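Work through the exercises below with the sequence and the 3D structure open. Each task is followed by its solution.

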Amino acid sequence: MSMSDSDTSSQGGSEYKTFRQISRDRLLYEMLRSAKTGDSKSSWKVLIMDKVTVKIMSYACKMADITDEGVSLEDIHKRRQPLPAMDAIYFIQPTKENIVIFLSDMSGRSPLYKKAFVFFSSPVARELVNHVKRDGSVLSRIGALREMNLEYFAIDSQGFVTDNERALEDLFGDEESSRKGDACLNLMANRIGTVFASLREFPYVRYRAPKSLDPTTMTTFRDLIPTKLAAGVWNSLMKYKSNLPNFPQSETCELLILDRSIDQIAPVIHEWTYDAMCHDLLNMEGNKYVHEIPGKNGGVPEKKEVLLEDHDPIWLELRHAHIADASERLHEKMTNFVSKNKAAQIHGSRDGGELSTRDLQKMVQALPQYSEQIEKLSLHVDIAGKINKIIRETGLKEVGQLEQDLVFADAGTKELINFLRVKEDVSRENKLRLLMIYAAVYPEKFEDDKISKLMELARLSPDDRTAVYNMRLLEASSETKKSSIVPFSLKFDAHKKKHAARKDRPGEEVKWQLSRFYPMIEELVEKLSKGELPTNDYPCMNEPSRSFHGTPGSPSASLRTGQIPAPHSMRSRRPSTWARPRNSDDGYSSDSILRHASSDFKKMGQRIFVFIVGGATRSELRVCHKLSTKLQREIVLGSSSIDDPPQFITKLKLMAADELSLDDLQI
């Protein structure tokens, strides 16, 4: 199998490309464009994919990117029209089923296509290659047979998932399902391996050590999840190191493997940024939002599906801003626009109040040259308005305040009981989330029946109680609590009876109400970058060289000792300045925003990859963007899935709690 010789590691090449840019470029140029050879350069081609590779393409590329390459799409599992004068590109998983279909397509006297360029998403087994080679009629019709080693889903410019949606259930649930758990970890390890093969990065592999290695205590399957995954990723990397051209022979980046037990609170607590609120409160399907716009001439409103993604410059600017900040900025943008356009003033709100969606529609008709800009603004004004309405109507600020107070130990059992008694109109889901946070902060309360009584007071359904009890399956063990990583200890001060799952971070200004909470990975990544992550708790699979620990003169040492220019702020990364021209009335070009971001990336040091088994959160993705700016290193977040709180809670309910006895449950 041949591979492209392009060098995409953090240290190679003059122009720094982000994680998703590299993934996109490989698919478009290394795969689609490489099939344009000889007399077929100008001809249209068919791109044939399976269910997994379709998702890989859709996350990394826009439809326009693909059609611009002169390609139409087909499903390998569907009956297809013969196109014997046309070449085909197969981007498929290396499964026996796919190989059989491919051979059926291309063998015999009447193949479906003239020539086939075959690209596998991950390493292909030798016996499957031999199976292809045995068919002489097919062999002469193959233009390429290559491993792309790209079997991950780039959900964000700095994030990917391995699409193991059932990982929480398979790995943290029933203790007896280790066979299912091993299969889940093997697939995950192989897909993580393709990330490093694709980027030509060779990482130092760090992982959370088993919680208990005490000979008197039995180590469970759950304790070993990061260890097993680290071993699987390491095996995959060793194969690439031996067989893949241009794969680095020495370490170029760092990988930290964690699981969901390191932070049970982040998936449940309300995150108050624009992005997280959209996905938490608006019942969105993925990144798809249904926008209602007034019908023409006062007719029936039209529904329009829009994607909240990087190509929308306003989304790129506001997604990591606090919802109050995002709302303020949107109001400001609209006010600026109206004040600088007379036609907008004529069609705007007569009384100087908030502009309605109909006012905005009239503006679009009156100012067609600004239609795209007004439509983008009106979309986000509509979304922010809906979110703020939900916050008001559900009393979410008070719920959010109590959540944060529980986490920082400014409130405890008494305050929670009082809240549940007084606020009877709080939604069932918000009561459930409060109790899940309480269970994470006070796990010992399971023992004295306190949590059971609180659930009765909150009138939780049996289904919801299951979610609260299953928080125990993600509980950090007592061994971890004694470890040298203080933040993981649920009791951060042994002399106080007060619990706290977080301490306020020194030097971190909390500008907006309810933005005090931070995910645990923020602290871990900073420690890793400074070389301060304890090796007892987070061992390394590699034989660490001196430079890994930041000895003077090494690239990592210069990063860790601050010999880097002060980071430029990046609008796409966090609420700061450059993509927010206060004096501008336009919607800004997304290309210019991304260009600015990539110029900031040119000064970046080695990448840090963090992988969380069991689902990552939007707050954790936000932190990776924030730390990329702060540490001047691209932080890439990987996980088995990305879960908003409703999804996470559903998954918790599905987890088998076989190791808990009925006595434990006390329902």
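Buried means under 20% relative accessible area, exposed means over 50%, and partly exposed lies in between (1.4 Å probe, protein chains only). The model is predicted: local features need pLDDT of at least 70, side-chain atom pairs count only at pLDDT 80 or more, and totals for chains, interfaces and linings use all residues. Residues are numbered from 1 along each chain as its sequence is written, and side-chain values use heavy atoms, with hydrogens and water left out.

**Exercise 1.** Classify Asp504 and Arg516 by accessibility, then describe their pairing.

Step 1. Asp504 has 45% relative accessibility, so Asp504 is partly exposed.
Step 2. Arg516, at 23%, is also partly exposed.
Step 3. The two form a salt bridge (a side-chain nitrogen of Lys or Arg within 4 Å of a carboxyl oxygen of Asp or Glu), with the closest N and O atoms 2.8 Å apart.
Step 4. Both residues sit in the loop between α21 and α22, 12 residues apart.

**Exercise 2.** Which parts of the chain does the salt bridge of Asp156 and Arg319 link?

Step 1. The N to O distance in this salt bridge is 3.1 Å.
Step 2. Asp156 is in strand β6 and Arg319 in the loop between α11 and α12, 163 residues apart. Strands are DSSP runs of E with at least two residues, and helices are runs of H or I with at least four, numbered from the N terminus.
Step 3. Asp156 is buried at 5%, and Arg319 is buried at 3%.
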